[in-house]
Amino acid sequence: MAYRFACVLLTVALCAVPALSFSAGAPNGACGDMIPQHHTDPQKSAAPYQIILSKKQIKAGEGVTITVQGNSAKDTIKGLLCQTRVGETPVGAFDVPPNNNYIQKLDCGNSKASAITHKKIENPPNAITFNWIAPKGLSEQARVYCTIALNGGVFWVKHSSDFLKVN
């Protein structure tokens, strides 16, 4: 009897692991390494997503539109965490209207709107678009990094865009 109980308990625990993901957005604790706390390892294969920038070069204080898009219709986005970085340092701020159905701003550390993350997504889209604004005084090459989740157990960490020149 104790053996059966242990087997049932183990089965329930293993089935619950995908449910431990954060359905309403990444926690602040994921800001640094961009690894979601999904209690499973990230995918090692190439991400089936693209991070598309509307421009390759902008001036400090200007914005760029960013689209995260699956390579096929089945490559939907259930979870998302994006930051724009120079090296490993997050820079700039994201501009997301409060009525956006899929994403919301995330304050990492003391930086307002320094990341975006997903809201609770019932019907995952194939693409999500948002804006990023370069800080005044920045004169560097930046990159957008996104952790993208197909679901709670299948995700890719720090997928990167092409470089964006800011001057």
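Counting cysteine sulfur pairs within 2.5 Å as disulfides, we get two disulfides. Before the details, some ground rules. This is a predicted model, where local features need pLDDT of at least 70, side-chain atom pairs count only at pLDDT 80 or more, and totals for chains, interfaces and linings use all residues. Residues are numbered from 1 along each chain as its sequence is written, and side-chain values use heavy atoms, with hydrogens and water left out.

Take cysteine 31 and cysteine 108. Their S to S distance is 2.0 Å. The link is left-handed, with -70° about the S-S bond. Cysteine 31 sits in the loop between helix H1 (2-16) and strand S1 (49-53), while cysteine 108 is in strand S7 (residues 103-108), 77 residues apart. Helices (H or I, at least four residues) and strands (E, at least two) are DSSP runs, numbered from the N terminus.

Now cysteine 82 and cysteine 146, with S to S at 2.1 Å. This link is right-handed, at 110°. It joins strand S4 to strand S10 (residues 140-151), across 64 residues.

What is the pairing in sequence order? It is 1-3, 2-4.

On to arginine 85, in strand S4 (residues 79-86). Is arginine 85 buried or exposed? It is buried, at 2% relative accessible area. Buried means under 20%, exposed over 50%, partly exposed in between (1.4 Å probe, protein chains only). Arginine 85 touches several residues beyond four places away in sequence, including Cys31 and Tyr145; contact means heavy atoms within 4.5 Å.
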